[in-house]
Amino acid sequence: MQSSLKKIALVTGANKGIGLEVARQLAASGCTVLLGARNQALGEEAAARLAAEGLDVRYLAIDLTDPATIAAAASRIEADFGRLDILVNNAGIATPGDGPPSASSLDAIERTLRVNFMGHVAATQAMLPLLRKAPSARIVNVSSGLGSLTLNGDPTWPHADVKYLGYSASKAALNMMTVQLAYELRDTAIKVNSADPGYTATDLNGHRGTQTIPEGAAEAIRLALLSDDGPTGTYSDKNGMVPW
């Protein structure tokens with residue numbers, strides 16, 4: 001096991017998009033970053049690209065739909081570092097066949113929930129013993145405004161016509177994990193928060209988003225590096241609080 005004063009951060013789904021930028025900026029802040037990705041070739045290439053920038057970034061195999069890889073990732077972190085300071089639950093999918101409640105396929109809903117919600121529950125449960133060993137750990141769940149019940153129910157919201165039942169339900173469920181886990185850990189130094197990146201140009205939306213990737217990554221990074229007097233159990237974007 002390596003002894004290190006540097007914070008150890010795991011970012012899932014970090015081989016591209018917002019996850020890659022979160023990994024880059026956390027490493028630039030002084031963290032050792034474990035770049036989590038299910039595809040070994042893409043993960044290793046992304047980690048090598050950041051390492052070439054002089055950043056301490058290492059590929060870690062993890063597939064949120066494969067419990068064996070989640071367990072192996074936790075074991076690897078335990079052996080190499082003995083703790084985990086930051087967990088950014090970023091990996092996510094948008095599934096063909098998802099859509100409004102009357103038309104969304106049950107298979108698409110199930111596949112989306114399996115990755116975007118259940119996968120993060122599994123990863124968090126596996127990493128929690130390591131997070132408890134850190135002096136002051138942070139869990140950031142990368143959510144979406146599409147997971148807000150309040151915003152979805154507001155016909156004046158700019159994205160009110162964007163209805164993907166599976167995706168929105170997965171992010172609402174992830175927000176519920178934030179609320180409940182923050183309560184469960186209220187007497188510890190671990191803080192749990194949801195970050196809404198905003199409408200960011202990534203592969204997930206065919207690069208139609210109106211924000212840059214660094215703009216979309218900003219709130220997750222802020223929450224990952226919260227000071228000890230920072231909040232827990234919140235849902236926010238770069239402009240402030242987002243309604244549940």
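This is a predicted model: local features need pLDDT of at least 70, side-chain atom pairs count only at pLDDT 80 or more; totals for chains, interfaces and linings use all residues.
Which residue lies over the face of Y183? Residues are numbered from 1 along each chain as its sequence is written, and side-chain values use heavy atoms, leaving out hydrogens and water.

**View A. R186 meets a ring.** It's R186 that lies over the face of Y183, 3.9 Å from the ring centre. (A charge sits over a ring if NZ of Lys or CZ of Arg is within 6 Å of the centre and within 35 degrees of the ring normal.)

**View B. Helix α1 and what packs around it.** From first C-alpha to last, the 12 residues of α1 reach 17 Å, close to the 16 Å expected at 1.5 Å a residue (1.5 Å times one less than the residue count). Helices (H or I, at least four residues) and strands (E, at least two) are DSSP runs numbered from the N terminus. I18, G19, L20, E21, V22, A23, L26 and A27 are the buried ones in α1 (under 20% relative accessible area, 1.4 Å probe, protein chains only). Their cover includes β1 (8-11), β2 (32-37), α2 (40-51), β3 (57-61), β4 and α7, with contact meaning heavy atoms within 4.5 Å. After α1 comes G30, with a positive phi near 115°.

View C. Tucked away as buried are G216, A217, E219, A220, I221, L223 and A224. Covering those buried residues are, among others, α1 (17-28), β4 (86-89), β5 (138-142), β6 (191-195) and β7 (235-237).

Terms used. Buried means under 20% relative accessible area, exposed over 50%, partly exposed in between (1.4 Å probe, protein chains only).
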